[in-house]
Amino acid sequence: MPLINATLSHPDYGFTVTDKTGNQMKIDIPVDDGGHGAGMRPMQTLLAALAGCSGVDVVSILKKQRQNFSALAIEIDGERETGKEPSLWQSVQLLFKVDGEADPAKVYRAAELSITKYCSVAETLRRSGTDITWSVQVNGTTIKF
């Protein structure tokens, strides 16, 4: 079986994407563009992949450092190139939000290592010219180094 199988499953532009283990996600385009808005937009899936890739890294690093955290959320925003086809991600900003008793310096370092060294999705975006920046909040306080 292929790594990914995408099947047109919703009229016009909606796809169900299935991986080789049976996990699924829906992809569609907005109603304004002729779709039905019944799934994530294709370019949003890249940002979702970035969140997942980096999130796994941060959790792994913090666990190895025996840091106690009760929650991790990642907010991502970005700007795409204007007036170009294809329109790539020009800039992407991540906000890592961690709650718990974790050392803020270690949380910041975990995010930094993920984005600059370990996350393959971040590197893929960077090689396409995307400027990736990140910030970290621990228990609602922005961490700066």
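Does Ser-54 count as buried or exposed, and what is the relative accessibility behind that assignment? Ser-54 has 0% relative accessibility and therefore counts as buried (under 20% relative accessible area, with exposed being over 50% and partly exposed in between; 1.4 Å probe, protein chains only).

The structure is a predicted model, in which local features need pLDDT of at least 70 and side-chain atom pairs count only at pLDDT 80 or more, while totals for chains, interfaces and linings use all residues. Residues are numbered from 1 along each chain as its sequence is written, and side-chain values use heavy atoms, with hydrogens and water left out.

Four strands form an open sheet of mixed pairing in the order E4-E5-E6-E7 (strands being DSSP runs of E of at least two residues, and helices runs of H or I of at least four, numbered from the N terminus; pairing requires at least two DSSP bridges between two strands). Strands E4 (69-80) and E7 (141-143) are the edges, each pairing on one side only. Neighbouring strands are turned by 25° against each other on average, direction ignored (axes are lines fitted to C-alpha atoms, for helices over the stretch in contact, with angles from 0 to 180 degrees between N-to-C directions). Eleven bridges join E4 and E5 (residues 89-100) in the antiparallel sense; Glu-75 has Leu-95 in E5 as its bridge partner.

Helix H1 (residues 42-64) lies across E4 and E5, at about 150° to E4. Helix H1 contains Ser-54, which touches Ile-74, Phe-96, Ser-114, Ile-115 and Cys-119, residues up to four places away in sequence not being counted (contact meaning heavy atoms within 4.5 Å).
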